[in-house]
Amino acid sequence: MTEHLGELLSARLDGELTSSEVRTVNDHLSGCSLCQNELTDLHSARAALRGLPTFEAPRFGLPRAAPPVIQPHRARKAVAVAAVAFVSFVSLATYQASQPTEISFSEVTETQLELNQEAPTLIPQIPEGSE
Amino acid sequence: MSDPITWEEVARTHGRRIYNYAYRLTGNPADAADLSQEVLLRVRTGLERYTPGSFEAWLWRITHNCFVDGYRKKKRRPTVPLPDNIDRMALLSSPPPDVVIAYNSLGEEVQSALMGLSAEFREAVVLCDVVGMSYDEIADSVEIPVGTVRSRIHRGRKLLREALA
């Protein structure tokens, strides 16, 4: 019997051998002090690991929701809306700059309403006859 | 048909085992908390696509992949943490005081010997002797043959024993 047991020894400790393998291993062990010593060493290492303290896990927070993914066509729409909002803001700012500086909140509201009502609709000038 | 598994259930039921696995592999409470949180983040995303089967194997495959990814990342940048880790860490409570004390005293010698093993051997012995998995379960989680699991556990224990002698 020249071949020693090697990793079969760890498997034996863990109960991971078939019944026929267990018989083979036990037969070898009964006559091999080298494998007996190795089994003792492996058993110590296993016991050291199994004897390590275990801990309560910390409280885990809810993961953040991923930011919404904007589809390309929605992104284009968002840019268009932002552009309209910007133009409106600039128009209003220009209009307000031309008015007296002391003005009440109610006056602003009414003025804005008038502005909205009187805002000219831009109609593209298309020469007659063009397609 | 059973109710779908929720992220909170996974954290409640498996959080402790994942954290202890992470603790023994990384060697410190802060990295263990970070790795555990990463696992749960991936679980949360993955649950949407999860189809009923071996939940344990699925969960531990994710856990193993997180460890491998984190290990590779750390090898590339050994000292500087990633900026997005700050936000994730902010979601966690501090490691419990008993963990901090134990980190400094109990099992320090064994933990130190564990950290001297290669990642493959360390993970194999931790999954077997700390998490308590069978060889088949480890093979499923790490996606290696059972024979390789047996060999890694054996080599890992031998090296550990030498380090502790």
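Modeller: Start with α7(B): this helix has 13 residues, yet its end C-alpha atoms are only 16 Å apart, short of the 18 Å a straight helix would reach at 1.5 Å a residue. The expected span is 1.5 Å times one less than the number of residues, and helices here are DSSP runs of H or I with at least four residues, strands being E runs of at least two, numbered from the N terminus.

Biologist: OK, which residues of α7(B) are buried?
Modeller: They are B:Phe121, B:Arg122, B:Glu123, B:Ala124, B:Val125, B:Val126, B:Leu127, B:Cys128 and B:Asp129. Buried means 20 or more other C-beta atoms within 10 Å of the residue's own, exposed means 12 or fewer, and partly exposed is in between, with C-beta atoms placed from the backbone. Just after that helix, B:Gly132 takes a positive phi of about 90°.

Biologist: At what angle do α7(B) and α9(B) pack?
Modeller: At about 100°, with their axes 8 Å apart. Axes are lines fitted to C-alpha atoms, for helices over the stretch in contact, and angles run from 0 to 180 degrees between N-to-C directions. The two helices are therefore roughly perpendicular, a label for 65 to 115 degrees; under 35 is roughly parallel, over 145 roughly antiparallel and the rest oblique.

Biologist: Which residues meet there?
Modeller: On the α7(B) side they include B:Phe121, B:Ala124 and B:Val125, and on the α9(B) side B:Ile153, B:Leu159 and B:Leu160 are among them. Contact means C-beta atoms, placed from the backbone, within 7 Å. By class, that contact has 8 nonpolar, 1 polar and 5 charged residues. Nonpolar covers Ala, Val, Leu, Ile, Met, Phe, Trp, Tyr, Cys and Pro, charged covers Asp, Glu, Lys and Arg, and the others, Gly among them, are polar.

Biologist: And how many helices and strands does chain B have?
Modeller: 9 helices and 0 strands. Of its 165 residues, 36% count as buried.

Biologist: Switching topic: how many residues does each chain bring to the contact between A and B?
Modeller: Chain B gives 38 residues and chain A gives 25. The largest share of chain B's side, 9 residues, comes from α9(B). That side divides into 21 nonpolar, 8 polar and 9 charged.

Biologist: What about B:Glu143, buried or exposed?
Modeller: Exposed, with 11 other C-beta atoms within 10 Å. B:Glu143 sits in the loop between α8 (135–142) and α9 of chain B, and its phi is near 60°, a positive value in a residue other than glycine. Most residues other than glycine have a negative phi.

Biologist: Where should I be careful?
Modeller: pLDDT is the predictor's confidence in each residue, from 0 to 100. Chain B averages 83, but over its residues 79–95 the pLDDT is below 50. Chain A averages 72, and residues 100–124 of chain A stay under 50. Where pLDDT is low, the predicted coordinates should not be read in detail.

Biologist: And what are the overall scores?
Modeller: ipTM 0.78 and pTM 0.67.

Technical notes:
Residues numbered from 1 in each chain as written. Chains lettered and ligands numbered in written order. Predicted model: local features only at pLDDT ≥ 70, side-chain atom pairs only at ≥ 80, totals over all residues. Contact = placed C-beta atoms within 7 Å.
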